Amino acid sequence: MLALGVYSTLEILRDTEPGLFLGNEEGDEVLLPNKYVPEEFEIGDKIKVFVYLDSSERIVSTTLEPFATVKSFAYLKCTNVSEIGAFLDWGLEKDLFVPFREQASKMRAGSWYLVYVYLDEETDRLVASSKTKAFLDNSLVLLSAYDEVELIASHPSPQGWNMIVNQKHLGLVYADEIFQKITPGDQMQGFVKKVRPDGKIDLTLQRHGYRGIEPNAQQILNELKASGGFIDLNDKSNPEDIKEVFQLSKKSFKKAIGTLYKARKISIEKDGIRLLE
């Protein structure tokens, strides 16, 4: 049977009035409606499609790209709330259903929510849940310090920002290491600082030590070039001013401009830094 909620590369089997019928090597078939049929094709061609259930609960395929696939997290807008649950825009004609039991708080049309997409085994339907913690597991974390990871901003806490790590785990970036505006659903790269014995993951958005100097230095060079070769910040500047321009801590900024100075890329002057030819 064709898997729902994922992309599949299928063979074009035949052209019919409602559209193309596609198939896999196991003999399963699915319709690609006319509205998604490419202008040019030949029987036997392979085509990448997303397979899901249409509004009549029939298995169909589409060349549209949804904002999320099964077993993944996404930040989606609620389009409608009915007596059976809420519906989210996920980039397809049929909205994604969220049962009331899967809503961490009552959803409202027009609001955005971080959700997890999964296949409901009882109904064989793709649904979403805003109870995201239920789909995260820190019991076995196969990560180490300095590992680069993919992050999705989940929610703030008094300590900083909780992050979904590699679509699997929950981690934390502490407030004193955040130098940029973060909102729920933001996607970014981060780095593991530490995996604690209880499985909790400490994260940072900056590369560690010497690993972070090169990209930070390149960022400063880019800003200098965009600013005409001079920026009125140096190692004596206010940390908040540095954070506003470069989204770096003062410590990281000083390390980066020190690297650039030693490489004779910049001069450090009384009132700022200057790009050298």
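**Salt bridges**

Tutor: Start with Lys35: its relative accessibility is 57%, so Lys35 counts as exposed. Keep in mind that this is a predicted model.

Student: Which residue does Lys35 form a salt bridge with?

Tutor: The partner is Glu93, and the closest N and O atoms are 2.9 Å apart. Glu93 sits in the loop between β7 (85-89) and β8 (96-99), and Lys35 in the loop between β3 (29-33) and β4 (46-53), so the pair ties together parts that are 58 residues apart in sequence.

Student: How many salt bridges are there in the whole structure?

Tutor: The search finds 9.

Student: What about Arg125, what does its side chain meet in a salt bridge?

Tutor: Glu57, at 3.8 Å from N to O. Arg125 belongs to strand β10 (residues 125-129) and Glu57 to the loop between β4 and β5 (59-62), so this pair ties together parts that are 68 residues apart in sequence.

Student: How exposed are Arg125 and Glu57?

Tutor: Arg125 is partly exposed at 25% relative accessibility. Glu57 is partly exposed too, at 38%.

Student: Which residues are linked with them in a network?

Tutor: Lys94 joins Glu57 and Arg125 in a network of salt bridges.

Student: Switching to Arg196: what is its partner, and how far apart are the closest N and O atoms?

Tutor: Arg196 forms a salt bridge with Asp202, and those atoms are 2.7 Å apart.

Student: Is Asp202 buried or exposed?

Tutor: Buried, because its relative accessible area is 7% and the cut-off for buried is under 20%. Arg196 has 30% and is partly exposed.

Conventions:
Residues are numbered from 1 along each chain as its sequence is written. This is a predicted model: local features need pLDDT of at least 70, side-chain atom pairs count only at pLDDT 80 or more; totals for chains, interfaces and linings use all residues. Side-chain values use heavy atoms; hydrogens and water are left out. A salt bridge is a side-chain nitrogen of Lys or Arg within 4 Å of a carboxyl oxygen of Asp or Glu. Helices (H or I, at least four residues) and strands (E, at least two) are DSSP runs, numbered from the N terminus. Buried means under 20% relative accessible area, exposed over 50%, partly exposed in between (1.4 Å probe, protein chains only).
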